[in-house]
Amino acid sequence: MTMTDLAHRTWRRRSTKKELALWLGWLVLVALFIFCWQVMTESTIWAFVTDAPRQAADIGSRMFPPRWEYIPALLEPLWDTLNIATLGTLLALFMAVPVAFMAARNTTPSTRFVRPIALLIIVASRSINSLIWALLLVAVIGPGVMAGIVAIALRSIGFVAKLLYEAIEEIDAVQVEAVAATGASKAQVMDYAVVPQILPAFAGITVFRWDINIRESTVLGLVGAGGLGLRLQESLNVLAWPQVTVIFILILITVLVSEWVSAKVRHAII
Amino acid sequence: MTHADMSGAVDHRHWKRPPFIKRAWLRWVLYGGGLLYLVLAIASVEVNWIRVWEGLERGQRFIEGFLVPDFTSRWEDILQGMEESLTMSVTATVVGVLISIPIGIGAARNIAPLPIYAVCRAIVALSRSFQEIIVAILFVAMFGFGPFAGFLTLSFATIGFLAKLLAEDIEDIDEAQAEAVRATGAGWWQIVNYAIQPQVMPRLIGLSLYRLDINFRESAVIGIVGAGGIGATLNTAMDRYEYDSAAAILILIILIVMAAEYLSGYVRKWVQ
């Protein structure tokens, strides 16, 4: 290569081949987007879309002023919502802990048979939203707080078990060996070497999930599972927008408070 | 101290595990309060056992539905719902990511001036504090039933998630590289393009794929309040007591979520 060639070359991040592949990738993405957009908007009535600012202004004017007298009627559903989240989280812990120990490579009884089952439970629980669980459970055990608790529990198993088994896999094996070297039984090794190591993670995960569950339990009532969502559904059905505003504000406050509590507790643990 | 004294003292000492909460009074207040709450909470849960007993039969039919899912009789509805859900998730993810990139850059304290930072952080907080379902209720009221309201809901939710994580990522970048590019006399755009973008791009792609996965899962839910997608089909199937069709829909959702998780893991490995 001569000096003049070098002088003409400018610095480039990628080779021509890579650049072409990159452009092709972007092209495919744009084409996919346009295709999906067309399929999605096939049945859209654009008159409604252009009308939206007026609708928004209309709803906005109906929502204010909020009907503050409605608050006393919301206290009981609020208590129900808190119970759904808390009891649901507790119920989930009872089921998630064994699943986590079965899923972790270093504590599972059998990597070939038990571990895949535990992982399947985790995936199935995580891919179905709590609202869908609630929809099923309301059909099976009837509307009410109980359906909400079970829905929250079934949904949380996957989340708690996944994070917990990852924590179990990351424990310090030296400590386990040290306790085992004293002649401790399997249960004692678990009690003194494994559990103390994962306890902070466990508490953190619990509070984190509780916080998420408060969020989710506020709307479970939309499908009949008790709590604030029930009042929301009732108010929406009769188009009582001033009440809807009050419920939204209450949900927002509840969520913010639970987030604050969970952040404080996690901060204290870690 | 004689030898006998010492061995005696050692014999009486037992190692005790330190308690999880050190202050004794706080520990007992927390335990007592927790127990009281549990009693009150469990007492306030009303269960209609007759209804549960009647429901067990439905539960059994539901499990049977899972064993023999019916894909055929509602196939048209399922196909339409899935089509809506998938297209909704893709378009919402693309639009959401496009909007959240500038907002994410604006919400990173190390490259954005204070007023812009405050505005972008406010947008992020607003988007994160309202749940998808509640946003969907409002958008359905404004834009009417159908996937367009769902698309807007998911786009809005994507902004809060992606912009926040992107901003944190930009704040965590290696300053030395930005410094090096700045030393060549580069302007603000060039710093973003040559020093920051290459550092955050792999993570941005990973997060976008993860969000696509989340958006699909959410699209199965917002249909319940009328925002289109497979959730609407599922809701109808449940209302008609067609548990075998509902089971078919749930199986499809689980399969797609698992496929998406597997695929996104593969793509992320390939990108990095």
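Me: Axes are lines fitted to C-alpha atoms, for helices over the stretch in contact, and angles run from 0 to 180 degrees between N-to-C directions. Why are α5(A) and α8(A) called oblique to each other?

Reply: This is a predicted model, in which local features need pLDDT of at least 70 and side-chain atom pairs count only at pLDDT 80 or more, while totals for chains, interfaces and linings use all residues. Residues are numbered from 1 along each chain as its sequence is written, chains are lettered from A and ligands numbered from 1 in the order in which they are written, and side-chain values use heavy atoms, with hydrogens and water left out. Helix α5 (residues 71–103) and helix α8 (residues 145–169) of chain A pack at an angle of about 40°, with their axes 5 Å apart. Angles under 35 degrees count as roughly parallel, over 145 as roughly antiparallel, 65 to 115 as roughly perpendicular and the rest as oblique, and α5(A) and α8(A) are therefore oblique.

Me: What makes α8(A) and α10(A) roughly antiparallel to each other?

Reply: The axes of α8(A) and helix α10 (residues 186–217) of chain A cross at roughly 155° and come within 10 Å, and since that angle is over 145, the two helices count as roughly antiparallel. Where they meet, the residues in contact (heavy atoms within 4.5 Å) include A:Phe159 and A:Leu163 in α8(A), and A:Phe202 and A:Ile205 in α10(A).

Me: Why is B:Ser245 called buried?

Reply: Its relative accessible area is 1%, and buried means under 20%, exposed over 50%, and partly exposed in between (1.4 Å probe, protein chains only), so B:Ser245 counts as buried. B:Ser245 lies in helix α11 (residues 243–271) of chain B, and, leaving aside neighbours within four places in sequence, it is in contact with B:Asp70, B:Ser73, B:Arg74 and B:Ala237.

Me: What makes B:Val200 buried?

Reply: B:Val200, in helix α9 (residues 188–222) of chain B, has a relative accessible area of 7%, which is under 20%, so B:Val200 is buried. Among its contacts beyond four places in sequence are B:Leu166 and B:Ile170. B:Val200 and B:Ser245 are 45 residues apart in sequence and 43 Å apart in space, C-alpha to C-alpha.

Me: Why does A:Leu29 count as partly exposed?

Reply: A:Leu29, found in helix α2 (residues 16–41) of chain A, has 39% relative accessibility, which lies between 20% and 50%, so A:Leu29 counts as partly exposed.

Me: How do you know that A:Leu239 is exposed?

Reply: The relative accessible area of A:Leu239 is 59%, which is over 50%, so A:Leu239 is exposed. A:Leu239 sits in the loop between α11 (228–237) and α12 (241–269) of chain A, and has a positive phi of about 55° although it is not a glycine.

Key:
Helix = DSSP H or I, 4+ residues; strand = E, 2+ residues; numbered from the N terminus. Expected span 1.5 Å × (residues − 1).
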